[in-house]
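Look at the structure first, then read the sections below.

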Amino acid sequence: MTKIERHFSAFKGELKDLFGFKNDYTFLDLTLGDGGHTQEALDAGCKVISFDIDHEAIKRAVEFVPEKYSPLVFDSELISLPAPKDFSWIVIRGNFVKVGEIFKKLQLPKVDGIMADLGPSQYQVLSPDRGFSFAIDEPLDMRLDKNLGVTAADLLAVLNEGELSELFMLGDEPFAKPLARIIVKQRQANPIKTTKQLADIVYKVKKGRPGKIHPATQVFMALRMVVNLERENISLLLPQLQGILKKDGLLGVISFHSGEDKLVKEYLTSQIEAGLLAEVTKKPIVPSKSELLISPRTRSAKLRIAKKIN
Ligand SMILES: C[S@@+](CC[C@H](N)C(=O)[O-])C[C@H]1O[C@@H](n2cnc3c(N)ncnc32)[C@H](O)[C@@H]1O
């Protein structure tokens, strides 16, 4: 199989100027992915700490990022010693919800800038064995972290009709109720185990409604969000970040879904009102026309940035 192309990093062109990267700036990239944002910071002379929950993502990032930046890699479950003070790139395999605890264990310094680029990478979505894509027929898995116990197929097998309908609504799926009804009916005779089975059901219920996006997009997104506890993770992550950010440091979050963006906006607004953070831009930053031409996938991306003032 041909190698899946490197993930297109949203807002990569703007990152250096937005954050003011320079020598000795310390950047925390909470979502390494294929390493695009991390590499921007390394190329600008920053010291970088990168997290990813997915072993495969880390392997790929280390391959994509030039060899001269060879990282020190830690597993969040196996940390016994502090990190060396003079590191240039540290990679941590672990869930970013543990960032506060891991910073303490590794005795890492406070950082000048933090970025979280939420959701899966294109590699994860397009990978033939991960179960994220309706374009490939594969087991409905969708776990970013293989240590998680519940797959998308498990959710479709055990949730009741009301729960399934609520789940699909998280992806703003207008056909959530009829879809939940049909799935509960159909699964008795024929458990839904593959991406194609699910995509076919959605296609039938929505009568293949043509639109800008594939009819199964919202259902697949909602399942992915629940399997990976994405909303819960954002809510647990955000309150930890000011404790590891220096005064005048910047916090940026890129979200691709209105529900996620709402969580980020509410958190930042509460901290701005409390006088702890300040607005950097009045409105969220959206992709430029040229970025959209290269990567239409980024059409729903929103970048919110705030500055720590207290
Ligand atoms: C959109 S991609 C990031 C792409 C990256 N900025 C780049 O330029 O290539 C998101 C990455 O975050 C990781 N991720 C998602 N949730 C995570 C979590 N809770 N903790 C750590 N990493 C997470 C995913 O495995 C994925 O590799």
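## Helices H1 and H2

The crossing of H1 and H2 is right-handed; a crossing is right-handed if the near helix is turned clockwise from the far one by less than a right angle, and left-handed if anticlockwise. Helices (H or I, at least four residues) and strands (E, at least two) are DSSP runs, numbered from the N terminus. This is a predicted model, in which local features need pLDDT of at least 70 and side-chain atom pairs count only at pLDDT 80 or more, while totals for chains, interfaces and linings use all residues. Residues are numbered from 1 along each chain as its sequence is written.

H1 covers residues 12–19 and H2 residues 36–43; they pack at an angle of about 45°, with their axes 10 Å apart. Axes are lines fitted to C-alpha atoms, for helices over the stretch in contact, and angles run from 0 to 180 degrees between N-to-C directions. H1 and H2 are therefore oblique to each other (under 35 degrees counts as roughly parallel, over 145 as roughly antiparallel, 65 to 115 as roughly perpendicular and the rest as oblique). Lys-12, Leu-15 and Lys-16 of H1 meet Gly-36, His-37 and Glu-40 of H2, where contact needs C-beta atoms, placed from the backbone, within 7 Å. These residues divide into 1 nonpolar, 2 polar and 3 charged (Ala, Val, Leu, Ile, Met, Phe, Trp, Tyr, Cys and Pro count as nonpolar, Asp, Glu, Lys and Arg as charged, and the others, Gly among them, as polar).

## Helices H11 and H12

H11 (residues 230–241) packs with H12 (residues 258–273) at about 15°, and their axes are 10 Å apart. That angle makes H11 roughly parallel to H12. Their crossing is right-handed.

On the H11 side the contact is made by Glu-230, Arg-231, Ile-234, Ser-235 and Leu-238, and on the H12 side by Gly-259, Glu-260, Leu-263, Val-264 and Tyr-267. By type, the contact has 5 nonpolar, 2 polar and 3 charged residues.

## The sheet

An open sheet with mixed pairing is formed by 8 strands, in the order S3-S4-S2-S1-S5-S6-S8-S7; two strands pair if DSSP finds at least two bridges between them. S3 (72–75) and S7 (277–279) stand at the edges with a single partner strand each, so one side of each has no neighbour in the sheet. From one strand to the next, the twist averages 20°.

S1 (residues 26–29) and S5 (residues 111–117) run parallel and are joined by 3 bridges. Phe-27 stands opposite Gly-113 in S5.

## Helices across the sheet

H3 (residues 55–64) lies across S2 (47–52), S3 and S4 (89–93), running at about 160° to S4. H12 lies across S6 (245–255), S7 and S8 (302–308), at about 20° to S8.

Notes: Two residues are in contact if their C-beta atoms, placed from the backbone, lie within 7 Å.
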